[in-house]
Amino acid sequence: MTTLHLFLYILLGILAQITLAALLAGYRHLRSYQHLQKRMAGMGDETPAQPRLKDFIPNVSKTKAAPWDGFRDFKVVRRVFEDFDQNICSFYLQPTDELPLPDFKPGQFLTFSLDVQDIKSGKTETITRCYSLSDGPGYPYYRISVKRALAPQNQPDVPPGVSSNHFHDHVQEGDVLRVRTPSGHFFLAPDTTPIVLVGGGIGITPMLSMLNATLDAGNIRDIWLFYGVSNSSDHALKPYLEELALKHDNLHLHVCYGHPLPDDTVQSDFHHQGYVDVKLLRETLSYQIYNFYVCGPRPMMETLIPALEDWGVPHQHIHYESFGPASIIRKSTQSAPVSPEQDAPAINVTFAKSGETLVWDGSSDTLLDFAEQNGIEISSGCRAGGCGCCQTKIISGEVDYTHMPDFDTEPGTCLMCVARPTQDLTLEG
Ligand code: FES
């Protein structure tokens with residue numbers, strides 16, 4: 001090879017790099033321009049992006065605070081509807097003691113003790129429920145976003161949707177709520193790996209927390225947000241998310257409508273018709289390592305999590321939130337299915353306080369279901385090992401967990417919502 005050839009090769013290499021950089025810059029410019037076009041097209045028929053409460057509180061307290069034990073009183077300082085149909089409402093909470101708040105990890109939840117009125121009997125009962133924090137940490141308030149429950153849920157201890165509807169119908173600005181310190185093991189890993197956030201329906205709430213925390217911190221890791229809803233009627237924080245995507249080149253917003261309304265327009269209201277599934281992820285994401293965070297309704301979780309594993313995503317890169325009675329059994333961790341066996345020795349479960357000894361035949365999913373099916377009252381909240389409400393002392397015997405709970409139990413106790421007995425068992429409950 002002559003010196004001239006070498007010079008020409010180097011020159012060609014430099015030209016190729018310059019062309020590539022120019023193409024990338026052009027693509028980014030076009031993307032911003034498309035966002036701008038969309039916004040201008042929608043002007044006049046959309047409400048402006050809702051400011052967050054932090055926009056009204058300029059002096060953010062930097063004092064570090066520790067988590068608290070038990071329940072602490074919080075005042076509702078602001079209520080904001082986040083969707084067109086006003087079925088999703090954000091509640092901004094500040095402690096009544098006016099002391100600083102501990103930071104939380106984006107993705108964690110709050111546990112509430114709520115006094116709700118039974119519609120039939122008119123009696124007030126206390127229930128415990130968990131709601132994901134929906135804003136980033138570091139501000140003198142916590143925010144949750146609650147969807148009015150329209151469909152029945154499998155919660156045998158209280159009428160369906162009672163806590164969410166209680167928030168919508170009865171919790172007003174100025175009211176005081178009892179709240180446990182933020183908890184949960186579903187949170188954003190503090191590294192620089194690109195993240196894929198998948199939120200289905202109200203499962204968007206922990207994703208909002210992760211998204212806001214990442215952008216607030218000035219982190220430039222790539223964020224892919226896939227948000228699946230029915231249509232524009234339940235599309236929460238639409239102007240806010242569009243504005244974020246416009247401002248931040250590292251945010252790639254993909255909204256999926258399962259059932260668009262006649263006036264819903266692709267590219268203006270949503271990007272894809274259908275559900276968020278692995279096919280869409282494979283078509284959209286480039287080939288590199290991501291951390292996936294998934295939260296949504298049960299059918300989405302039950303199909304997407306195994307599909308991600310089938311795609312080859314390492315299980316340590318798949319994180320998900322599974323509130324409610326159903327837990328997702330991951331392929332990588334599942335054991336042989338447990339079913340009632342004719343020849344398995346009977347297991348006696350004794351509930352000391354109620355003085356009942358019952359035979360466990362393996363047909364109940366968990367000890368909590370077993371107790372409730374037999375009329376024994378056990379307090380519960382998330383029903384998925386996340387809040388600690390069903391923590392019960394084991395007097396004798398042992399249990400297994402259906403999956404590793406998020407809540408760290410005290411020694412000598414178990415979480416009944418995710419536990420099954422492995423031998424004769426005596427519980428304090
Ligand atoms: S009900 Fe929340 S941990 Fe069992």
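In what sense do strand S7 and strand S8 pair, and over how many bridges? Strand S7 (residues 195–200) and strand S8 (residues 223–229) pair in the parallel sense over six bridges, where pairing requires at least two bridges found by DSSP. The structure is a predicted model, in which local features need pLDDT of at least 70 and side-chain atom pairs count only at pLDDT 80 or more, whereas totals for chains, interfaces and linings use all residues. Residues are numbered from 1 along each chain as its sequence is written, and side-chain values use heavy atoms, with hydrogens and water left out.

Strands are DSSP runs of E with at least two residues, and helices are runs of H or I with at least four, numbered from the N terminus.

A search of the whole structure finds eight salt bridges, defined by a side-chain nitrogen of Lys or Arg within 4 Å of a carboxyl oxygen of Asp or Glu. Arginine 72 forms one with aspartate 97, the closest N and O atoms being 3.0 Å apart. Because arginine 72 lies in strand S1 (residues 72–81) and aspartate 97 in the loop between S2 and S3, the pair ties together parts 25 residues apart in sequence.
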